[in-house]
Amino acid sequence: MSRILLAIALLILSQSGIAQKKKSNSGKTTTPLVDSIAFHLYTDSLKKGVHNYINVDGLVAGKSWYPLSSEDIQFESDEGQFEGNSLVLPVDFSKEKVTITATYKRNPKLRKEITIYIKKLEEGPLKSKDEIMEEIRRGGKKKRGR
């Protein structure tokens, strides 16, 4: 019974364009052909010295968004280096912003450009477990004392 439900769910997902990448007859993984592409970023700024994931989605048949990878998109930027979908900026990067261009490989006319600013405030090192626990203990005592 559960196998039947799983098969039905996979059939529905594949028909709606939500299913993951499909295998072609040659065995290569392919994505559906998209009508347009768009940046759907997870952040409003880039950080230095880390992998900044650049999310680009493709609109499939004018209905649903499909995540695209560096297999589908040619990434270019005026600074830093791309590793897959991630832009890596050097720790000592001093510019204020970076311009990124994404071009859909199967239709180079589908091209988007975005300018993203660099995060200015440094976050510093992460707190240790003991530091966090101490803050919780101190915060809890203040609340009880009110």
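How many salt bridges does the structure hold? There are four salt bridges, where a salt bridge is a side-chain nitrogen of Lys or Arg within 4 Å of a carboxyl oxygen of Asp or Glu. Before going through them, a word on the model. It is a predicted one, in which local features need pLDDT of at least 70 and side-chain atom pairs count only at pLDDT 80 or more, while totals for chains, interfaces and linings use all residues. Residues are numbered from 1 along each chain as its sequence is written, and side-chain values use heavy atoms, with hydrogens and water left out.

The overall layout comes next. The protein chain has two helices and twelve strands; these are DSSP runs numbered from the N terminus, with at least four residues of H or I for a helix and at least two of E for a strand. Reading from the N terminus, the order is α-β-β-β-β-β-β-β-β-β-β-β-β-α. Of the 146 residues, 26% are buried, the cut-offs being under 20% relative accessible area for buried, over 50% for exposed and partly exposed in between (1.4 Å probe, protein chains only). The accessible surface is about 10,800 Å², with 54% of it belonging to carbon and sulfur atoms; areas come from the Shrake-Rupley method with a 1.4 Å probe, and for residues only the protein chains shown count as cover. Taking contacts (heavy atoms within 4.5 Å) between residues at least 6 apart in sequence, 53% join residues at least 24 apart.

E9 and E10 (residues 86–88) pair over three bridges, and Gln 81 has Val 88 in E10 as its bridge partner.

Back to the salt bridges. Lys 95 and Glu 79 meet through their side chains at 2.6 Å, N to O. This pair links distant parts of the chain, 16 residues apart: Lys 95 is in the loop between E10 and E11 (97–104), and Glu 79 is in the loop between E8 (73–77) and E9. Lys 95 counts as partly exposed at 46% relative accessibility, and Glu 79 is partly exposed at 22%. Glu 135 and Lys 127 make another salt bridge, also 2.6 Å from N to O. Glu 135 is partly exposed at 39%, as is Lys 127 at 48%.

Helix H2 (residues 129–144) holds both Arg 138 and Glu 134, four residues or about one turn of the helix apart. Their salt bridge has its closest N and O atoms 3.5 Å apart. Arg 138 is partly exposed at 47%, and Glu 134 at 33%. Shared partners join Glu 134, Arg 137 and Arg 138 into one salt-bridge network.

Ile 136 is also found in H2 and is exposed, with a relative accessible area of 52%. Together with Ile 132 and Met 133, Ile 136 forms a nonpolar surface patch with about 260 Å² of accessible area. Patches take residues with over 30% relative accessible area and no salt bridge, joining like charges within 9 Å and nonpolar side chains (Val, Leu, Ile, Met, Phe, Trp, Tyr) within 5 Å.

Definitions and conventions:
Pairing = 2+ DSSP bridges.
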